[in-house]
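Open the model in your viewer and keep the selection tool at hand.

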Amino acid sequence: ECKGTARCLTGTVTKVKDGDTLVLNKNITVRLTLVDTPEKKDKIGWKNATEFTKKLCLNSIAKVDEDDKQKGGSYGRLVGVVYCGETNLNSALLESGLAKGYIKYCKKSEFVNENWISFCASKKKRC
C-alpha cells in the first residue's frame, strides 16, 4: 500500500533508461527517490545498475509510490519508490552496492524514516 497522499500508480515497466530511471506504461518516466546510480557517461557502474533494474523490472508490473515531498518531479519525471513485484527497487539497488544514497534529498523526502534509508539517519545532524 502506498504512503502519503501523492499518486500511487501501477503499470508495466516498458523501458529502463538507466539504473534509477524507468518508464511505466510507455509514457510515465519515473526517477527513483533517494537513490543515485551512475550515468551512462560515467561508464563505470552504469551498465551493471541498468542491467540490474532491467532484470528486476522490465516488462513486469510495478507499483510506484510518488514522494509526497517531491510532487514537482525532476526534469519532467515522477519521483518515487518503485516496487517490482514484492521488491523495493530503491532499496535493492542500495543493498546491491550498485547505487549510492542521494543524501542531498534527505530532507526533501517523505521516505526519510524508512529502514532502507539508513544513510539519511546517519546524516540527520548535518542534513
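A salt bridge here means a side-chain nitrogen of Lys or Arg within 4 Å of a carboxyl oxygen of Asp or Glu. Keep in mind that this is a predicted model.

**Stop 1: R31 and D20**

Select R31 and D20 and show their side chains. They form a salt bridge, with the closest N and O atoms 3.6 Å apart. R31 sits in strand β3 (residues 28-32), while D20 is in the loop between β1 and β2 (21-24). The two are 11 residues apart, and the pair links distant parts of the chain. Are these two residues buried or exposed? Both R31 and D20 are buried.

Salt bridges that share partners join D20, R31 and D36 into one network.

**Stop 2: K3 and E114**

Next, select K3 and E114. Their side chains meet in a salt bridge, at 3.5 Å from N to O. K3 lies in the segment before β1 (8-18), and E114 lies in the loop between β8 (100-101) and α3 (118-123), so this pair ties together parts that are 111 residues apart in sequence. K3 counts as partly exposed at 36% relative accessibility. E114 is partly exposed as well, with a relative accessible area of 24%.

**Stop 3: E51 and K54**

Move to helix α1 (residues 46-57) and pick E51 and K54. This is another salt bridge, and its closest N and O atoms are 3.9 Å apart. Why are E51 and K54 separated by about one helical turn? Because they are three residues apart in helix α1. E51 is partly exposed, with a relative accessible area of 40%. For K54, also partly exposed, the value is 32%.

In total, the structure holds five salt bridges. Side chains of opposite charge can pair when their charged atoms come close.

**Stop 4: the whole chain**

Zoom out and switch to cartoon. How many helices and strands does the protein chain have? There are three helices and eight strands. Follow the chain from the N terminus and the elements run β-β-β-β-α-β-β-β-α-β-α.

Show the C-alpha atoms alone. They fill a box of roughly 40 × 35 × 25 Å along the principal axes.

Colour by accessibility. Buried residues make up 45% of the 127 residues. The accessible surface comes to about 7300 Å², and 48% of it belongs to carbon and sulfur atoms.

Residues 24 or more positions apart account for 63% of them.

Then colour by charge. The chain has 24 positive and 15 negative side chains. The centres of the two sets lie 6 Å apart.

**Stop 5**

Finish with backbone angles. Most residues other than glycine have a negative phi.

Select N59, in the loop between α1 and β5 (61-66). Its phi is near 65°, a positive value in a residue other than glycine. N59 is exposed, with a relative accessible area of 62%.

Then select Y75, in the loop between β5 and β6 (78-84). What is the phi of Y75? It is near 55°, again a positive value in a residue other than glycine. Y75 counts as exposed, at 80% relative accessibility.

Notes
Residues are numbered from 1 along each chain as its sequence is written. This is a predicted model: local features need pLDDT of at least 70, side-chain atom pairs count only at pLDDT 80 or more; totals for chains, interfaces and linings use all residues. Side-chain values use heavy atoms; hydrogens and water are left out. Helices (H or I, at least four residues) and strands (E, at least two) are DSSP runs, numbered from the N terminus. Buried means under 20% relative accessible area, exposed over 50%, partly exposed in between (1.4 Å probe, protein chains only). Contact means heavy atoms within 4.5 Å. Accessible areas come from the Shrake-Rupley method with a 1.4 Å probe; for residues, only the protein chains shown count as cover. Lys and Arg count as positive and Asp and Glu as negative; His and the chain ends are not counted. The place of a charge is taken as NZ of Lys, CZ of Arg, CG of Asp or CD of Glu.
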